[in-house]
Amino acid sequence: MDNLQVDVKKIDVSSGKRVTCLAALARIFTTVCIICAVVLSLYMSVMRFAHLGNGLQYDELYSAITAFPQLSFSFIWKNMLLQDINLPLFNILLFVWNRIFPFSYVWLHLFSALLGLLAVVMAWLLAPKYWQPLKKYIFVSLMACSFILVAYGHIVRTYSLSILLSTIFSLLGLRFIYDFSQGKEPSRRLWLAFYIAGFLGAYSHFFCTAEFFITALIVFLYACYYKIGRKWAFWGTAVVFALWSVWLYHVLTFTGGLQSTWWFKTPLAKATYDILIFLFGPRFLFSAILYGVILAAVSLVFTYKVKILQRADFILPIAQIVLLLGVVALVSCRVNLWLDRYFLPAMPAFILLFTECLDHLQKRHLVLLILWPALLWGWVSFYWQLEHLHWQEYTGLQALFSHLAKDEQVDKILVDMTKTGYPEAALPYMFGLYIPKDKNLELIPLTPENVSLSWETNPKTYIFLPLCSQIHFMQVSMETRTEEDGEPMVFGRDACIFTVHPAGVSNL
């Protein structure tokens, strides 16, 4: 009997050592994953500021002009912002920024880059307190390392601002739902922060607007389920909608005759594929992400069964994504919104979903935590392949106007201002940024009358198409009753100049 007791003790000691050894290996494995994530996150945070000196893309050029220091805000508001359906908050903030800092590529890009980095900071500060530290690290690192958030982080458009605001109200929404489940009423300070972020988001980007009201709807439904905070959830959302409806009325009035042909449609299947690659990386990487999400989602449903609806960390991002897709699909029946960059404000929702899936998988099998640094590394690797980040000039406008002013030495040019997608009042200032300072080059709107008048003084007056395509050439020919003199000169991706002669007349 004594020998048996000794053997049992030996087995207990051996088992205890094995458990201790496995626990130590688990800690080492987790620590290595965290260190890899931290290193990659720091690297990508630095890369947000790596291309500030790049030239402006065409859309960025418009945003820059809405903050042009030589123009008054009243002129910009009346002739540009009110003539554009896009929400004005980013342009207003950029106007203030450019009254403090110089008007240059670097400072314009820096404004957006700082907003993008602030989204990562707010992801850290506002991560729900009930999250375990590892889950918080996963979420923040995904926000920091998402290649598309870094690549578009410095773009002088509203994307960084809308991503920041979407991050804030999404995380606050999770806090509220958790408080409801614990029988606690969220503080007024947090409610106000939620609705301020929602109001600002509603005036930053239409997809961010949809994301906020979807988030507010889910918060309200949980408030009704737990019977806590219903008044704040309902009336706060109602106030934000009332304030936002002012701009909604303006948009509906302004676009009363607008049809979906404002944008050249891409077949739905190809457009969807392009959006997925744009947001998540090459096909093999997106396929791996999709497989992991489906695997985790099925496991979550089977693990929690009827209690799955109480898993707000899973339900909220799913609702944000699914309902947003439904809204966009519905609106796209009239105006096509199925475009890749428009979905950037939804990235915090996707990252919240990925975080919940990765956290669940590592809880079921710790070894699956390797998927976390693997995803980060995949995104960082794909970021290195984005060649457009190294283009010093995107539009070709600098080379185009330099050629006209110095090589051709023209003093006027006809500009097609009807197919640019931006208010005509902004166009002379947009293109004027690229006219050499020592040259006087007059920009004249392209009309049949102006074409006829130009022939009286110079039959070789150039026509400038900011966004040229075969369809645009056909439209110009039909509207002005002219034919091109040979092949156009193309600068950059799609800016071109050419001369014309009357239709039906031989060009000698």
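This talk describes the nonpolar cores and the strands of the structure shown above.

Good morning. The model before us is a predicted one.

In soluble globular proteins, nonpolar side chains tend to be buried together. In this model, the largest nonpolar core holds 161 residues. The residues with the most contacts inside that core are F194, L344, F401, M430, F431 and F464. Which helix gives the most to this core? The answer is helix α8, residues 159-181, with a contribution of 13 residues. A further core, made up of 12 residues, lies apart from the largest one, and its members include L414, L465, C496 and V500.

Let us look at one residue of the largest core, F431. Setting aside neighbours within four places in sequence, F431 touches Y58, L397, F401, V415, L443, F464 and P466. One of these partners, F401, is also listed with F431 among the residues with the most contacts inside the core.

We now come to the strands, starting with β1, residues 412-415. Are the faces of β1 covered or uncovered? Both are covered: K412 and L414 are buried on one side, and I413 and V415 are buried on the other. Strand β1 pairs in the parallel sense with β2, residues 442-445, through 4 bridges. Within that pairing, L414 faces I444 of β2.

From β3, residues 463-465, we pass to β6. These two strands run antiparallel and are joined by 3 bridges, with I463 opposite F498 of β6. Strand β6, residues 495-498, is likewise covered on both faces: A495 and I497 are buried on one side, C496 and F498 on the other.

Finally, β6 also pairs with β5, residues 489-491, in the antiparallel sense over 3 bridges. In this pairing, M489 has I497 of β6 as its bridge partner. What lies between the strands of the β5 and β6 hairpin? There are 3 residues there, and in this hairpin G492 adopts a positive phi near 65 degrees.

Thank you for your attention.

Methods:
Residues are numbered from 1 along each chain as its sequence is written. This is a predicted model: local features need pLDDT of at least 70, side-chain atom pairs count only at pLDDT 80 or more; totals for chains, interfaces and linings use all residues. Side-chain values use heavy atoms; hydrogens and water are left out. A nonpolar core is a set of buried Ala, Val, Leu, Ile, Met, Phe, Trp, Tyr and Cys residues joined through side-chain atoms within 4.5 Å. Buried means under 20% relative accessible area, exposed over 50%, partly exposed in between (1.4 Å probe, protein chains only). Contact means heavy atoms within 4.5 Å. Two strands pair if DSSP finds at least two bridges between them.
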